[in-house]
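Q: Hi, could you walk me through this one? I'd like to start with the charged pairs.
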Amino acid sequence: SLSKLQLKTGDLDPRLFSRLRHLQKLDLSDNLLDKFPNSLTLPDLRVLNCNNNKLEDVTALKQFPLLEELTYENNVYLTLNDDYKVMFLLQNLRLLNGKDITKLANHVRRVNSRKLTSKVTAHWEKFFRDQLPEKYTAEQVKSIKKKFLKSVQTNVVYGPSSLSEFTRWRVKMIAEEFLAYSLGLELNSDTEPEEKMDENEEESTESPREAAEDVAQVGDFSSYISNVTITPSKRKRNNSKSSPGNKRSKSQANTEEEAEDVSAEPLHFLQCHSKGNSREDFKTQLWSCVFEPVLDSGARKDPIVSSSRTVATCGGESVCLIDCETGTVLKKYKVATEEFFSVAWTTLTMVISDSRKKAHNILAAAGRRGIVKLIHVAADFCYGEIKAHKKPIATVCFSPTRETHLFTASYDKRIALWDIGIPDCDYNFKASQLLLLEAVSIPLRIALVPTCPEQYLLAGCEGGCFAWNIKLDKGQKSRPFEAIFQFPGEESMTTSHRVDGLAFLNDDVVVSKSSKPGCIYLWSWSRTFEAKGKGCQRTVSAVILAELEWSTTDMSYLTLSTCPAKDYVFCGDENGSVWMYNLSNYTTAWGSAKGKRSERRISPTQILKWPELRVNGQQPPEILVNNVVSDPAFTYLVVLTSVNITAIWKKS
C-alpha cells in the first residue's frame, strides 16, 4: 500500500518497481499521479487501485497484462472512453471500478473490433486503393498513409458519440495494422495488436445493448420497470397524415409520403426517478430532459454528427443520466428535499493542475427550492450551488454564445441572468447576478433569439408571451419587458392565455403553445418585432405563419420542443401520445418576405401512440406527456410522463 503519500508520477522509480517480480496487489490511491511511467514492469500484478489521483490517460496500464481488478474512480479527467480502452488493452480484466465487465469487455474486444475492421477496410477499398499505383515509391506510400489515417479517423463512425474518442483511437490502431499487413509498412510501437479470434471459438452473438444491460444491473438502483409487457398490436403508429392543401401528382405524393413516414419504435421504458427507489412509484412527475453536448467532435463541427445519445432527465428528488441506446442509467443524483423541474448543459474549459486547459460538460439542475445545483458529470461531483431565488425555479437555460451565462426563471415572477464562473482545480468558483428581468406573471418557458442570443429573450408566462432586451451594455440591471405578443382572439393583456410551450424552429420561426385548447402557433420573430418599432413597451400582434392541429385538451404544462436541423416540432398530449410535425415543406415559403399564412391548420405528420404497457399486470393510470425531446439528429425521442416513466423511442 502506497496510498496517501502525495506521490507524483516521477516518484514511481522504474528501477525499484521492476525488481518487484511477484507483486500482485498495489494500492496507489489518494495521490497526485497524472500518468503511469511506461516501464514499471510488475509482471505478476493482478489488483491495482489508483482512486483519487489526477490520471489523464490509461494506455500505459497495458504493461500489466495479468491485471484482473482495476479501480480508478475520482480521477476527474478519465471518461467512459478510458473505460473502453482498458477493457480492450487488458485481456484478463474482470472488475473495473467494482463492476463485473466480462461480457462488455468481450464485446469491445471482439464484436466492436470486427465491425471497425470491416469499416476501415471498406473505407480503404472505396476511397484509397485506386490512388496507389501498382509500383509505388516509399514517398507515395508515406503520403497515402497520412491521408488515409486522417480520413479514416474522421469518417469511420460506430457506436454512440460519447465513445467517439475511443472509436478514433481504435480506428487509428486498426488502420495502421491494416496498412502494415497490406503494404508491408512498419507498425508504430505504441499500437497494441488487435486480439485475433480463436478459430474454433464461438462468435459472440450478444448485442451491445444486452452486454451493457448486464453491466447496468450491477448498479445500486433498479432502472428498468419490472415485469413490463408491451402488446405488439398497439405498437403500430397508423395516424400518419400527409399535410393538407398540397396538390401533387401520384408519384410525387408517394415519395413525399415515404419521406414523411417517421416510424419510430419504442426502445426502453425506465422508472428511474422513483422516490426511495420504489417500484410502486407511479406518481413522480418527470419534467425536463436535455441531450448532453459532445465534447471532442474532432474535425466534425457539424452539430448533427456530434450529437450525443446521453440524456439528462429530471423529476422528483433526482436527476438521471441515461444512455438512450442501451437504456442504461449511467449516473443518478439525489437531493432528498428537492423536486427538480429543469436541467441544462454547458461546456466549460477548465484549467487543470499543470496549467493545461480541458473542456468538461457541466449540468445545471434546479427546482422547487430555488437553488441551482452545478454538477461536473465526468467527476461524479456536485461542486456548487447558487441560491438563485426564494421561490421555485420553473426552467433554466444557458446562453449558446457565453458558456458561463445561465438564465433562471422563477415563480417569483423574475428571470435572472447569472455568470456561474469557471471552477478552478479545487472547484472554487464565483457566481454573480448580471440581470433581473421583471415579469408580470410566472415565467414557464424561456428561449433566446437564435440570431441575437445576447440581445433578446422570449418567455412563455402564465399571462402570455413576452420579450426582454438583455443586452449587457445597457445600464440598468433590473428591466421590465419590452413587448407582449398578442395572438388571435386576444384583445388585451387581460385576455392573454397562458403560454406553456415555446421554442424556435429555426432562426426566425417561433413555435408557441397556449392554454387555449388545441392551439399551437408558428409565427415570425423578425416580422413581429419589426412591427413594434423602437423604444417603448408595446403590445404587438404576432405575425402568424401557421397553426398546428393538436389535442383539444385544456390540460396545461404539456410542453413542446423542436428539432431545428430536421424542421420538426414535437408535443405530447393527455393520452401518452406524441404529435410529430415535419414542417420542411413549409419553412422555405415562411422564410420569404411575402410568406403568407397557411390557411388551414397543419395536421401532424404522425402520432406515436403510447403502447399498451402493463406493469405487474396493471396498466399505469392516466398518462400525460409532460415533455418530449429529440437529440439534434433526431435519432432518439425521449418522452417524459406524469407517471414516473421515461419512454425512449428510436427512429427506425
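A: Happy to! A salt bridge here is a side-chain nitrogen of Lys or Arg within 4 Å of a carboxyl oxygen of Asp or Glu. This is a predicted model, where local features need pLDDT of at least 70, side-chain atom pairs count only at pLDDT 80 or more, and totals for chains, interfaces and linings use all residues. Residues are numbered from 1 along each chain as its sequence is written, and side-chain values use heavy atoms, with hydrogens and water left out.

Q: Which residue does Lys275 meet in a salt bridge?
A: Lys275 pairs with Glu317, at 3.9 Å from N to O. Lys275 sits in the loop between strands S7 (264–270) and S8 (286–293), while Glu317 is in the loop between S9 (307–315) and S10 (318–323), so the two are 42 residues apart. Strands are DSSP runs of E with at least two residues, helices are runs of H or I with at least four, and both are numbered from the N terminus.

Q: Is Lys275 buried or exposed?
A: Lys275 is exposed, at 55% relative accessible area, whereas Glu317 is buried, at 10%. Buried means under 20% relative accessible area, exposed means over 50%, and partly exposed lies in between (1.4 Å probe, protein chains only).

Q: What about Arg309, which partner does it meet?
A: Arg309 forms a salt bridge with Asp323, with 2.7 Å between N and O. Arg309 belongs to strand S9 and Asp323 to strand S10, 14 residues apart. Arg309 is buried at 12% relative accessibility, and Asp323 is buried at 8%.

Q: How many salt bridges are there in the structure?
A: The structure has 22 salt bridges. Some share partners: Asp44, Arg46, Glu68, Glu69 and Arg94 are joined into one network that way.

Q: How far apart are the closest N and O atoms of Arg94 and Glu69?
A: They are 3.6 Å apart in that salt bridge. Arg94 is in the loop between helix H2 (80–89) and strand S4 (95–96), and Glu69 is in strand S3 (residues 69–71), so the pair ties together parts 25 residues apart in sequence. Arg94 is partly exposed at 36%, and Glu69 is partly exposed at 29%.

Q: Switching topic: how many helices and strands does the protein have?
A: The protein has 9 helices and 37 strands. Of its 652 residues, 54% are buried.

Q: And what share of contacts links residues 24 or more positions apart?
A: Among contacts (heavy atoms within 4.5 Å) with a separation of 6 or more, that share is 57%.
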